[in-house]
Amino acid sequence: MKYLIASDIHGSAYWTERLVAAIESEQPDRIVLLGDLLYHGPRNDLPQGYDPKALTAMLNDARGRLLCVRGNCDAEVDQMVLQFPILADYCVLPCGERLIYATHGHVYNTAHLPPLCPGDILLHGHTHVPAWEPFGEENLYLNPGSVSIPKNGSARGYLTLEDGVFQWKTLSGDVYHTLTL
């Protein structure tokens, strides 16, 4: 099973077109979106190509492969136009002997942990900064960064997971970090 994981699109149809191109190139079995899909949020400037209506159409076209969690900028009104569920606080994905606890990061994060077992992985967006950090009892915190509003000088990008190998990539598909479990 191949996953493509992205976060923090914040209404940018412009950058999502590049993400869609990456999805077509990567051919993942499932696409995991870690929240903040349509709205840019009050603390962020409008991202390039801000067009939630066009973005809605792009996401609805991919609905059969999408798994999503709710971000702090996602609301019930967003769910009314999207044809796939976006309001779950988390989802759990198997990864070999480990579990991946996928969430947005505004509620559950390394400062406020969800129920994890030793070796489990906490995957979240929210910070807009890519991360691959060990913590606790053999746990990992992973973050794909942001599709449209990267922070701390990071690249716009996404994360793939296939056969226990995580790869952080720019939207053009260039790998800049690999982590093998």
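What follows goes from the whole chain down to a few single residues.

First, some ground rules: this is a predicted model, where local features need pLDDT of at least 70, side-chain atom pairs count only at pLDDT 80 or more, and totals for chains, interfaces and linings use all residues. Residues are numbered from 1 along each chain as its sequence is written, and side-chain values use heavy atoms, with hydrogens and water left out.

**The whole chain**

Let's start with the fold. The protein chain has three helices and 11 strands; here helices (H or I, at least four residues) and strands (E, at least two) are DSSP runs, numbered from the N terminus. Reading from the N terminus, the order is β-α-β-α-β-α-β-β-β-β-β-β-β-β. With a radius of gyration of 15 Å, close to the 16 Å that the globule rule gives for 181 residues, the protein chain is as compact as a globular protein of that length. That radius is taken over C-alpha atoms, and the globule rule is 2.2 Å times the number of residues to the power 0.38. Along its principal axes, the C-alpha trace spans about 45 × 35 × 30 Å.

How much of the protein chain counts as buried? The share is 51% of the 181 residues, where buried means under 20% relative accessible area, exposed over 50%, and partly exposed in between (1.4 Å probe, protein chains only). Contacts, meaning heavy atoms within 4.5 Å, also reach along the sequence: among those between residues at least 6 apart, 53% join residues at least 24 apart.

In helix α2 (residues 52-61), the buried residues are Leu55, Thr56, Met58, Leu59 and Asn60. Their cover includes α1 (13-26), β2 (30-33) and β3 (66-68). As background, an α-helix has 3.6 residues a turn, so residues three or four places apart point the same way.

Pro47 sits in the loop between β2 and α2. Leaving aside residues up to four places away in sequence, Pro47 touches His10, Ser12, His40, Ser148 and Ile149. Pro47 and Asp29 are 18 residues apart in sequence, and 28 Å separates them in space, C-alpha to C-alpha.

**Two loop residues with positive phi**

His128 has a positive phi of about 70° although it is not a glycine; its place is the loop between β6 (121-124) and β7 (131-135). Glu138 also has a positive phi without being a glycine, near 65°, and is found in the loop between β7 and β8 (139-143).

**Aromatic rings**

Rings of Phe, Tyr and Trp (its six-membered ring) pair if their centres lie within 6.5 Å; planes under 30 degrees apart count as stacked, over 60 as edge-to-face and the rest as tilted. By this rule there are six aromatic pairs. One of them joins Tyr14 and Trp15 edge-to-face, at 4.7 Å centre to centre and 90° between the planes. Elsewhere, ring pairs link Trp132, Phe166, Trp168 and Tyr176 into a cluster.

| Residue | Relative accessible area | Class |
|---|---|---|
| His128 | 2% | buried |
| Pro47 | 7% | buried |
| Trp15 | 14% | buried |
| Tyr14 | 27% | partly exposed |
| Glu138 | 65% | exposed |

So much for the tour; now go back and find these residues in the model.
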